[in-house]
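Subject: Structure for you to look at

Hello,

Here is the structure I said I would pass on. Please open it first, then read my notes below.

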Amino acid sequence: METRELRYFVAVAEELHFGRAAQRLGIAQPPLSRTITQLERRLGVALLERTSRKVSLTEAGSVLLAEGRAILGALAAAERRTRHAATSQPSLVLATKAGASGELLAKLLDAYAAEPGAVAVDLLLCESQPQQTLHDGQADVALLHQPFDSTAELDTEILNAEGQVAILPTSHPLAGRSHVRTADVSSLPDLPLARWPGPGGVYPEGPGAEVRNQTQLFQLIALGRTTVVMPESCRANLLEGLAAVPVLDAPTVTTVIAWPPHSRSRALADLVRVATRL
């Protein structure tokens, strides 16, 4: 298979629409359709089921989507790291979700900057899926939060663990409680739980608002449109009019620092050492 074919297929598989995929790739739709047909013929399997109303993935297509993402990500990572190795001024790119672990991140950056031989650290603030930036080579290291972020095929060190809180409008009846349980907030008819995008940007089914970042989320909660259960450290970023109520039976959130297992960067090793010391 050619990388061009994989790139075209991944675009169609993620969009599930030839027109949107063609627009995303910056090409016309007919050559895109021909390329996918040629790829299916070469592999001898159907990758997509097409009707006049929709496009869906076959089982084989789902497998190729996962493999294709990994291959294209590895190629992009190889290109970036090769160029990075040739630069005269070394640096690190650290990815994290926007608004997450703010206090920990600030302490980490300050402590690392004080280390002898510290290099510049550029921040990559993600709306979701920060672990993907490690797989595709956009970042060298990331702060991830289990169980929300996958650490598969990554090396990690645990930094801390914390409970979770429900974020509610201060006017809501539950906002005055000392604590709640998951069942109390998961079935509120007036405040359905917010939905975050998963891999490929696909939202899970449900009535809750579709959100992409913490700023948007908190505004929607303040307007009485949705609610969310989040790590307790989010209290530091709460807007006026919002309340954080501990959720007793919510799973513990573990913050880890993660990096690709093949990394041999001395600067990365120093950053990880400082993080675990903190």
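Leu 16 lies in the loop between helix 1 and helix 2 (18-25). Helices here are DSSP runs of H or I with at least four residues, strands are DSSP runs of E with at least two, and both are numbered from the N terminus. The phi of Leu 16 is near 50°, a positive value in a residue other than glycine. Most residues other than glycine have a negative phi, and most peptide bonds are trans. Leu 16 has 34% relative accessibility and so counts as partly exposed; buried means under 20% relative accessible area, exposed means over 50%, and partly exposed is in between (1.4 Å probe, protein chains only).

Before going on, note that this is a predicted model, in which local features need pLDDT of at least 70, side-chain atom pairs count only at pLDDT 80 or more, and totals for chains, interfaces and linings use all residues. Residues are numbered from 1 along each chain as its sequence is written, and side-chain values use heavy atoms, with hydrogens and water left out.

The protein has nine helices and 10 strands. Of its 278 residues, 41% count as buried. Its C-alpha trace spans about 60 × 55 × 25 Å along the principal axes.

Helix 1 (residues 3-15) and helix 3 (residues 29-43) have axes that come within 10 Å and cross at roughly 110°. Axes are lines fitted to C-alpha atoms, for helices over the stretch in contact, and angles run from 0 to 180 degrees between N-to-C directions. The two helices are therefore roughly perpendicular to each other (65 to 115 degrees; under 35 is roughly parallel, over 145 roughly antiparallel, and the rest oblique). Among the residues that meet are Tyr 8 and Phe 9 in helix 1, and Ile 36 and Leu 39 in helix 3; contact means heavy atoms within 4.5 Å.

What is in the largest nonpolar core? It has 19 residues, and those with the most contacts inside it are Leu 92, Leu 94, Tyr 112, Ile 257 and Leu 271. Such a core is a set of buried Ala, Val, Leu, Ile, Met, Phe, Trp, Tyr and Cys residues joined through side-chain atoms within 4.5 Å. Strand 3 (91-97), helix 5 (102-113), strand 5 (141-146), strand 10 (253-259) and helix 9 (266-277) each supply at least two residues of this core. Helix 9 gives the largest share, six residues. Apart from this core lies another, of 18 residues, among them Phe 18, Ile 36, Leu 48 and Val 55.

Strand 5 is mostly covered, with five of its six residues buried. Strand 3 and strand 5 run parallel and are joined by two bridges, whereas strand 5 and strand 10 run antiparallel and are joined by five. Two strands pair if DSSP finds at least two bridges between them. Ala 142 in strand 5 stands opposite Ala 95, and Ala 142 also stands opposite Ala 258 in strand 10.

The loop between strand 5 and strand 6 (155-162) holds Pro 147. A cis peptide bond, with omega about 10°, joins Gln 146 and Pro 147. Glu 153 is in the loop between strand 5 and strand 6 as well. Its phi is near 65°, again a positive value in a residue other than glycine. Glu 153 is exposed, with a relative accessible area of 67%.

Regards
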